Amino acid sequence: MHSTNLVLIGFMGSGKSSVAKALYQHTNALILDSDLVIENNENMTIPEIFSQKGETYFRNLERAFCLFVSQNIHHCIISTGGGMPLFCDVRLMGKVFFLDLSFEDILLRLSKEERLKRPLFENQKVALELYQKRYQVYKDSAHFCINANRSIQEITQEILDCFPMK
């Protein structure tokens, strides 16, 4: 079955949520943010899920989200958690767009407050290693690689040029 969903992947801070909001303005397609759906369903934040129930439990929730979307959701913008492509076949959900941004540019983009919300960035060396480990998986999972070191408007327009979502 051909899916009409548009799926955004990339490292945390690459702009997935911001691009999803901009795409919504152009398409009126609903946004499903996997992390927010999981947090709402579990009534816990992602860090709480990790600390109280473990990463395996969380990754199983991501897999369940991916499966549900692939079977039931159409004409939506799907914003994924940064690790989802490592544990799920995100292509099952729709056309996948990798927001490609260098680690250095991600650090420049994230304010100190944003970095504090993301425990991974407490240790930049560990965060860089994770980025490097995930980068090829993002590229291999994507139908389209988008240079995310541009304005949200330029990124959004390139995505819509590739996948109009009519």
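The model is predicted, so local features need pLDDT of at least 70 and side-chain atom pairs count only at pLDDT 80 or more, while totals for chains, interfaces and linings use all residues. Residues are numbered from 1 along each chain as its sequence is written, and side-chain values use heavy atoms, with hydrogens and water left out.

Reader: How many aromatic pairs does the structure hold, and why is the pair of F97 and F144 stacked?

Author: Rings of Phe, Tyr and Trp (its six-membered ring) pair if their centres lie within 6.5 Å; planes under 30 degrees apart count as stacked, over 60 as edge-to-face and the rest as tilted. The structure holds nine aromatic pairs. The ring centres of F97 and F144 are 4.8 Å apart and the planes stand at 15°, so the pair is stacked.

Reader: Which strands does the pair of F97 and F144 link, and how many residues apart are the two?

Author: Helices (H or I, at least four residues) and strands (E, at least two) are DSSP runs, numbered from the N terminus. F97 belongs to strand β4 (residues 95–100) and F144 to strand β5 (residues 144–147), so that distant parts of the chain are linked by a pair 47 residues apart.

Reader: What is the geometry of the aromatic pair of F97 and F163, and where does F163 lie?

Author: F97 and F163 are 6.4 Å apart centre to centre, with 50° between the planes, and this pair is tilted. Both F97 and F163 are buried. The pair links distant parts of the chain, 66 residues apart, with F97 in strand β4 and F163 in the segment after α9 (152–162).

Reader: Which residues is I159 in contact with, leaving aside its neighbours within four places in sequence?

Author: Contact means heavy atoms within 4.5 Å. With those neighbours left aside, I159 is in contact with L6, L8, V19, L23, F97, L99 and I146.

Reader: Where do E42 and K53 lie, and what is the N to O distance of the salt bridge in which they meet?

Author: A salt bridge is a side-chain nitrogen of Lys or Arg within 4 Å of a carboxyl oxygen of Asp or Glu. E42 lies in helix α2 (residues 34–42) and K53 in helix α3 (residues 46–53), 11 residues apart. At 18% relative accessibility E42 counts as buried, whereas K53, at 41%, counts as partly exposed. The N to O distance of their salt bridge is 3.2 Å.

Reader: Which residues are linked with R59 in a network of salt bridges?

Author: R59 and E55 both lie in helix α4, four residues apart, about one turn of the helix, and their closest N and O atoms are 3.1 Å apart. R59 is buried, with a relative accessible area of 6%, while E55 counts as partly exposed at 38%. The residues linked with R59 in the network are E55 and E62.

Terms used: Buried < 20%, exposed > 50% of the residue type's maximum accessible area, 1.4 Å probe, protein only.
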